[in-house]
Amino acid sequence: MRLSQMLFVTLRDDPADAEIPSHKLLLRAGYIRRIGSGIYAYLPLMWRVLQKVSQIVREEMNATGAQECLLPQLQPADLWKESGRWDTYTKAEGIMFSLVDRREQQLGLGPTHEEVITTVARDMIRSYRQLPLHLYQLQTKFRDEIRPRFGLMRGREFIMKDGYSFHADEESLKKTYQDMYKAYSNMLRRSGLAFRAVEADSGAIGGSGSTEFMVLADAGEDEVLYTEDGKYAANVEKAVSLPADAETSPFTTYEKRETPGTDTIEKLCNFLKCSPNQIVKNVLYQIVYDNGLTVLVLVNIRGDQEVNEVKLQNELTKLAPQFGGKAIIAFSVPTNETIATWAAKTLPLGYIAPDVADDYITGSKQVNSQFVRLVDQTAVELKNFVTGANEVGFHVVGANWGEQFKLPALTVDIRKAKLGDRSLHDSNQTLQTARGIEAGHIFQLGTKYSQAMGATYTNEQGEEKPLVMGCYGVGVSRLAQSAVEQSYDKDGIIWPVAIAPYHAIVTIPNIKDAQQIAVAEQLYTELNKAGVETLLDDRDERAGVKFKDADLIGIPFRIVTGRAITNGKVEVVKRANRESQEIPIEEVVNTLQQWVKEAIER
């Protein structure tokens with residue numbers, strides 16, 4: 001392709017609305033154009049990158065025996081109501097675009113396709129002889145993000161590969177899950193990315209277990225915790241660890257003390273001259289289940305620990321049937337305004353004790369009349385601890401479970417693992433931290449959707465059983481931008497060769513020089529014919545502008561038909577390390593072929 005004929009416009013300055021390097025660079029280099037909030041046009045250079053990523057994904061999926069299909073983006077609400085996820089996706093998480101058609105039927109634009117594929121399986125799979133079956137698609141997805149940001153990282157429209165497998169039993173599912181683990185690792189490796197596979201929370205998709213594939217990058221939205229021995233890695237939402245041991249409490253007898261102005265852990269520690277790991281802090285949450293019932297939750301946790309709100313929501317979701325619900329549609333730390341809607345009297349915020357009375361709640365049909373009480377294991381183990389006294393300006397010291405306070409019935413692990421914690425598998429290993437961008441996620445769904453939607457098969461004994469399912473997603477457009485976030489410098493993008501829009505760019509410094517043009521045209525033709533995808537910068541621009549643009553768009557190899565041609569050579573520059581060398585013109589094609597082959601096969 002000749003740059004003079006391409007839709008190619010670069011920007012000198014960073015766009016005002018771009019926050020991270022990859023977003024800025026893709027806009028500046030003319031790969032994408034913002035059309036609306038979280039909505040982008042993929043321009044010719046970007047589309048070539050996406051096609052290459054898609055091809056790698058297809059090859060790895062096809063190698064496992066998966067079959068490609070295409071499912072509808074427009075999905076009937078009835079299917080999502082069958083699975084029980086309509087309210088979760090349209091109200092709780094609120095990420096589904098929903099609409100009503102002219103027949104007054106509710107529809108949604110697909111953020112994911114578990115319901116659709118389960119419907120297909122329900123209608124078409126009858127016998128164990130048809131299993132296992134694995135279908136996948138590459139398609140545009142839609143999610144109504146609260147705050148679209150970072151370009152293609154968190155948009156409202158994006159390209160994704162999603163696959164779904166159906167099995168007769170868990171053993172078969174686990175085999176496919178392992179096949180996908182390998183396939184996803186291959187996809188990222190072949191795309192030239194540094195990544196880490198980590199244990200993850202299954203979220204609204206559900207299922208018994210899942211793994212995220214994180215592209216390592218400083219601007220990643222996710223925190224990954226891992227051990228140096230390579231035996232443990234998890235998203236911080238899922239991670240578990242051993243916290244530092246609590247210190248022995250200096251308070252050996254129980255008493256109530258006046259502690260004015262100590263409504264935070266830091267202030268309290270300074271006042272009492274104690275450690276936060278000797279304190280039981282009591283954290284209040286407010287949730288709403290999908291039947292409209294508001295429930296107040298009190299969490300007891302050690303003062304130096306933070307509540308992992310993903311783990312907490314998972315525990316509270318398990319309790320939903322006790323309150324006549326199925327899912328949580330709202331979760332928050334209550335504010336003074338929300339507390340006023342249910343509090344019977346003024347709560348001593350900052351001084352609450354584990355036994356704060358239920359009569360603080362004005363019970364009604366809309367509000368549960370009792371606190372749900374959960375205690376984290378870190379708080380259970382404390383002796384002679386400090387905690388609130390249910391009176392503003394007062395705490396108690398030297399308290400113990402089973403004496404001054406009744407231990408809540410629900411003991412759970414809801415603390416947030418953090419850098420420096422000891423690993424469960426080896427207490428000599430401490431957790432390290434890294435930032436990551438979630439590019440892929442695989443799930444063992446089990447029978448969650450098949451049971452809810454009546455998707456069954458007949459086994460060898462003639463018994464009707466629910467299909468066992470797995471699902472597997474790769475963000476194609478997100479993966480492409482992740483590559484930029486992982487590899488760039490002050491001058492622009494540094495694409496991995498395997499997914500670069502072109503392998504090489506031939507730059508003519510002076511288009512008025514007939515010899516430079518002739519050599520450039522010759523190399524442009526021969527390189528493309530030899531399979532080295534090549535751009536020709538034949539624009540009527542200064543050489544410096546062309547060199548800057550070549551660096552900005554990140555083409556792996558730049559060939560310059562400059563002064564060296566008088567010696568029968570051209571300058572070849574490697575974008576990744578700026579290594580420059582003069583190569584005889586007749587050797588350029590074979591040299592570039594070899595470099596491209598080595599880079600792609602690495």
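# Exercises on helix packing and sheets

The axes of α2 and α12 come within 9 Å of each other and cross at roughly 110°. The model behind these exercises is a predicted one.

## Exercise 1

Work out how α2 is oriented relative to α12, and describe the contact between these helices.

Solution. Begin with the angle of roughly 110° at which the two axes cross. Angles of 65 to 115 degrees count as roughly perpendicular, and so α2 is roughly perpendicular to α12. The handedness of the crossing comes next, and for α2 and α12 it is right-handed. Finally, look at the residues: Met 46, Val 49, Leu 50, Val 53 and Ser 54 of α2 meet Val 476, Ser 477, Leu 479 and Ala 480 of α12. Sorted by class, this contact has 7 nonpolar and 2 polar residues, with no charged residues.

## Exercise 2

Solution. On the side of α2, the contact is made by Ile 56, Val 57, Glu 59, Glu 60 and Met 61, while α6 contributes Met 180, Ala 183, Tyr 184, Asn 186, Met 187 and Arg 190. These residues divide into 7 nonpolar, 1 polar and 3 charged.

## Exercise 3

Find the orientation of helix α1 (residues 21–28) against helix α12 (residues 476–486), and name the residues that meet.

Solution. The axes of α1 and α12 are 8 Å apart, and the helices pack at an angle of about 105°. It follows that α1 and α12 are roughly perpendicular to each other. From α1, the residues Pro 21, Ser 22, His 23, Leu 25 and Leu 26 meet Gln 481, Val 484 and Glu 485 from α12. The classes in this contact are 4 nonpolar, 3 polar and 1 charged residues.

## Exercise 4

Solution. Now take the pair β4 and β6, which run antiparallel and are joined by 3 bridges; as one detail, Pro 76 has Leu 107 in β6 as its bridge partner.

## Exercise 5

Describe the open sheet of 5 strands, and then the helix that packs on the sheet.

Solution. The strand order is β28-β27-β29-β30-β31, and the pairing is mixed. At the edges stand β28 (534–537) and β31 (580–584), and since each has a single partner strand, one side of each is left without a neighbour in the sheet. From one strand to the next, the twist averages 25°. Helix α13 (residues 514–529) packs on this sheet, where it touches β27 (504–507), β28, β29 and β30, and its direction makes about 165° with that of β28. Within the sheet, strand β29 (residues 557–560) and strand β30 (residues 569–574) run antiparallel and are joined by 4 bridges. Here the bridge partner of Arg 558 is Val 573 in β30.

## Exercise 6

Locate Pro 132 and Glu 104, and describe the backbone at each.

Solution. As a starting point, most residues other than glycine have a negative phi, and most peptide bonds are trans. Pro 132 is found in the loop between α5 (114–124) and β7 (133–142), and the peptide bond that leads from Leu 131 to Pro 132 is cis, with omega near -5°. Glu 104 lies in the loop between β5 (97–100) and β6 (106–109), and although Glu 104 is not a glycine, its phi is positive, at about 65°.

Technical notes:
Residues numbered from 1 in each chain as written. Predicted model: local features only at pLDDT ≥ 70, side-chain atom pairs only at ≥ 80, totals over all residues. Heavy atoms only, no water. Contact = heavy atoms within 4.5 Å. Helix = DSSP H or I, 4+ residues; strand = E, 2+ residues; numbered from the N terminus. Nonpolar A, V, L, I, M, F, W, Y, C, P; charged D, E, K, R; others polar. Pairing = 2+ DSSP bridges. Axes fitted to C-alpha atoms, helices over the stretch in contact; angles between N-to-C directions. Parallel < 35°, antiparallel > 145°, perpendicular 65-115°, else oblique. Left-handed = near helix turned anticlockwise from the far one by under 90°.
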